[in-house]
Protein chains: 2
Amino acid sequence: MRHRILEAAATLIAREGIGGLRYDQVAELAEVNKTSVYRNWPDRTTLIADALTAFAADAAPLHDSGDIDADLVDFLETLAAAMASPQGRSLQSVVAAARENPELRAVVDEVSGRRQATLHDRLRTAVERGELPAIDPRFLGELLTGPVQLFVTRGARAFTRADAHQVCAIVLAGVRATAAHGGESSLPGTQ
Amino acid sequence: MRHRILEAAATLIAREGIGGLRYDQVAELAEVNKTSVYRNWPDRTTLIADALTAFAADAAPLHDSGDIDADLVDFLETLAAAMASPQGRSLQSVVAAARENPELRAVVDEVSGRRQATLHDRLRTAVERGELPAIDPRFLGELLTGPVQLFVTRGARAFTRADAHQVCAIVLAGVRATAAHGGESSLPGTQ
């Protein structure tokens with residue numbers, strides 16, 4: 001039931017914006033009693049944050065199969081698909097609009113922070129297991145997701161699994177190659 | 001004089017938006033005669049496109065020193081600084097707003113296309129000189145600039161020259177390492 005309520009809330013947020021979210025509409029769409037929504041989420045901003053977080057986690061899950069390369073390819077592929085989907089596009093517009101409002105901005109920043117933490121935790125685990133050399137997980141996260149976001153935003157063509165594969169192959173090979181040189185850059189002429 | 005007019009136009013666009021650009025204000029700010037603006041740019045959209053292109057080229061130039069690694073570090077560092085500057089931020093909001101209007105969208109898309117072409121041409125030249133292995137310049141451009149855009153948008157801290165250096169070091173090492181494996185990915189378990 002919890003999941004059905006969050007799905008209904010995300011659908012309504014995509015349609016009406018964050019400011020327009022009403023508990024009675026969430027209850028109706030989720031086909032639950034309104035008190036079930038109030039009991040689980042007495043705080044409206046928590047409902048919003050949980051709904052957006054659940055949408056992102058469902059649409060672009062980050063697994064731990066024990067193979068960081070494979071998990072990141074899956075993640076980037078689903079991330080791009082989620083961003084390009086109609087609901088993903090609506091939610092991005094809604095989130096961009098929410099950033100103009102200080103209170104709503106805090107909510108969307110929290111969602112964004114939770115999402116980044118999931119990725120950073122997964123990268124940190126891979127470093128601990130020796131699958132990746134020591135690297136700031138925040139920096140590596142940006143190297144991986146930045147190109148995907150730019151690609152999808154430009155929208156020249158769909159971001160395919162082959163693209164996800166190539167981003168991961170190049171970035172992870174680069175991380176490993178530069179670490180092999182003792183953490184120093186292997187760039188000539190720029191030191 | 002041409003440059004002074006374009007600078008004045010970019011300043012006014014950052015302040016008032018693309019729709020609000022007026023030739024008499026451009027002339028006044030550039031301290032030239034209004035006919036000088038009309039004679040050089042009889043078409044208003046060309047003035048807008050040229051002003052935005054000139055701003056970007058001045059703020060984040062892409063040189064050809066013969067050393068692609070060094071030129072890209074300089075480029076990413078200045079790109080981040082330009083995006084984070086007050087005028088750069090204003091122009092990004094203006095450009096985002098312009099995308100909602102079909103006619104203005106065509107202008108900002110043209111500017112974006114010109115900018116990308118400059119980067120792609122520079123990368124293509126580096127491939128021809130054997131500084132980089134054969135790679136789609138569009139894809140490589142996204143690997144390099146995507147992380148910078150994400151970093152600046154998140155705004156947790158300033159993007160430094162050391163960051164520019166690390167992005168280039170990792171991405172270019174990755175491109176070279178994956179090409180060394182015969183163009184195939186070196187990722188295990190994801191084929």
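Tutor: Across the interface of chain B and chain A, the rule finds 2 salt bridges (a salt bridge is a side-chain nitrogen of Lys or Arg within 4 Å of a carboxyl oxygen of Asp or Glu). The model is predicted, so local features need pLDDT of at least 70 and side-chain atom pairs count only at pLDDT 80 or more, while totals for chains, interfaces and linings use all residues; side-chain values use heavy atoms, with hydrogens and water left out. Residues are numbered from 1 along each chain as its sequence is written, and chains are lettered from A and ligands numbered from 1 in the order in which they are written.

One salt bridge joins the side chains of Arg154(A) and Glu142(B), with 3.6 Å from N to O. Glu142(B) sits in helix α8 of chain B, residues 137-154 (helices are DSSP runs of H or I, at least four residues, and strands are runs of E, at least two, numbered from the N terminus). Is Glu142(B) buried or exposed? Its relative accessibility is 6%, so Glu142(B) counts as buried (buried means under 20% relative accessible area, exposed over 50%, and partly exposed in between, with a 1.4 Å probe and protein chains only).

Which residues does Glu142(B) touch? Leaving out residues up to four places away in sequence, Glu142(B) touches Pro147(A), Leu150(A), Phe151(A) and Arg154(A), and also Pro147(B) from its own chain (contact means heavy atoms within 4.5 Å).

Now the interface as a whole. Chain B gives 38 residues to the contact, and chain A gives 38 residues. Between them, chain B and chain A bury about 3200 Å² (the accessible area, with a 1.4 Å probe, that two parts lose on being put together, summed over both). Of that area, 70% is on carbon and sulfur atoms.

How do the two copies relate? Chain B is superposed on chain A by a rotation of 180° with 0.0 Å of shift along its axis, at an RMSD of 0.0 Å (superposition is by least squares on the C-alpha atoms of residues with pLDDT of at least 70 in both copies). The two copies are therefore related as by a two-fold rotation axis. The same surface serves both copies, since 100% of the contact residues of chain B recur in chain A. Among the residues of chain B, Gly174(B) comes closest to the rotation axis, with its C-alpha at 1.8 Å.
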